[in-house]
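Work through the exercises below with the sequence and the model at hand. Each task is followed by a solution in steps.

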Amino acid sequence: MTLLVPQAGEVIALKAFLNNAAGQDQTLKLFATNITPSETDTAATYTEAAGGGYASKALAGVTWTFTAAAPSHADYAQQTWTFTGVLTTNGTVFGYFVVQTTSGTLLWAEAFASFTPTNNGDQILLTPKITAD
Amino acid sequence: MGFFSRKRVAQPARPVQVYTPVTDGARQIPAALRHGSALQRHHGGPPGRGMWVVYEARTGILTALEHGDIATVMLVDEHGCNMLEVHAPAEKLRQAYFEEIPEKRRPDEAVARGMGYIGRPA
């Protein structure tokens, strides 16, 4: 898996780093189109999963843990999606994307091996992580 | 007259799928590989993960560069959806022109120009 911070996300990171604009809490979403994230993407590029008990996850800035290392990284607790059945639009999940909760601006995205929720109880367990590298 | 009964046989429970994708958090191709690559942007900057490229007249997205300047590219269809992942020498790639980015995924022209996506030469 390869995480991608698009140009929009890079600008947000620079602005927060240089106290030009405050950061925001994030929303973690699963996408259901077979695409590879690109540097020109926006949040509108991604078709969010729907139905089957799916709901996006709220990520609070204060809950991230930060580790000074080589490279330094930020980690969040594992997030669990438990599906009640098939998705109602596109049936397969191909990755996740993270947006600022208030502005909706895309921060980063990552594709993973596809997964098709089928049965009540099917789960995706995802541990958000991002490095400074 | 005989009687018969039809017992409902318990069906085996369908197994639940649990999928745990692994995230390593790495967000960019190592700088040494990017700056030493034969693949450069039209405005001279280094390539980057997620860059739109063209390989053998097909548009794709650069996902990785490895030692030996070997690129991993996901070729896409006219909608920008995944078609085929290929590995090729970076010297055989070039940055896509603005018009070569699939329309559904084409960014604002001014934004694109800042990243080296120039218009197709006349």
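Of the 122 residues in chain B, 45% count as buried, where buried means under 20% relative accessible area, exposed over 50% and partly exposed in between (1.4 Å probe, protein chains only). This is a predicted model, in which local features need pLDDT of at least 70, side-chain atom pairs count only at pLDDT 80 or more, and totals for chains, interfaces and linings use all residues. Residues are numbered from 1 along each chain as its sequence is written, chains are lettered from A and ligands numbered from 1 in the order in which they are written, and side-chain values use heavy atoms, with hydrogens and water left out.

**Exercise 1. Which residues does Gln17(B) touch, not counting residues up to four places away in sequence?**

Step 1. Locate Gln17(B) in the segment before β1 (18-19) of chain B.

Step 2. At 30% relative accessibility, Gln17(B) is partly exposed.

Step 3. The residues touched are Phe115(A), Thr116(A), Thr118(A), Gly121(A), Asp122(A) and Gln123(A).

**Exercise 2. Characterise the largest pocket by volume and lining.**

Step 1. A pocket is defined on a 1 Å grid over the protein atoms alone: a cavity is a set of points where a 1.4 Å probe fits but cannot get out, whereas a pocket is an open set with protein on both sides within 12 Å along at least five of seven lines, and lining residues have an atom within 4 Å of a point.

Step 2. The largest pocket holds about 840 Å³ of space; grid points are joined across faces, edges and corners, and the volume is the space filled by probe spheres set on the points.

Step 3. Its lining has 24 residues, with Gly9(A), Ala13(A), Ala16(A), Trp108(A) and Ile130(A) nearest the centre.

Step 4. At least two lining residues come from each of α1 (7-17), β5 (73-75), β8 (106-115) and β10 (129-131) of chain A, and α1(A) gives the largest share, seven residues.

Step 5. By type, the lining of the largest pocket divides into 13 nonpolar, nine polar and two charged residues. Here Ala, Val, Leu, Ile, Met, Phe, Trp, Tyr, Cys and Pro count as nonpolar, Asp, Glu, Lys and Arg as charged, and the others, Gly among them, as polar.

**Exercise 3. Which elements give two or more residues to the lining of the second largest pocket?**

Step 1. The second largest pocket has a volume of about 280 Å³.

Step 2. Of its 20 lining residues, Thr2(A), Thr36(A), Ala111(A), Thr63(B) and Glu85(B) lie nearest the centre.

Step 3. The elements are β8 of chain A, and β3 (58-66) and β5 (82-89) of chain B. The largest share, four residues, is from β3(B).

**Exercise 4. Classify the aromatic pairs that Trp64(A) forms with Tyr76(A) and with Trp108(A).**

Step 1. Rings of Phe, Tyr and Trp (its six-membered ring) pair if their centres lie within 6.5 Å; planes under 30 degrees apart count as stacked, over 60 as edge-to-face and the rest as tilted. Over all chains there are seven aromatic pairs.

Step 2. The ring centres of Trp64(A) and Tyr76(A) are 5.1 Å apart and the planes are at 70°, so this pair is edge-to-face.

Step 3. Trp64(A) and Trp108(A) are also edge-to-face, at 5.9 Å centre to centre and 65° between the planes.

Step 4. Trp64(A) lies in the loop between β3 and β4 of chain A and Trp108(A) in strand β8 of chain A, so their pair ties together parts 44 residues apart in sequence.

Step 5. Both Trp64(A) and Trp108(A) are buried.

Note on methods. Contact = heavy atoms within 4.5 Å.
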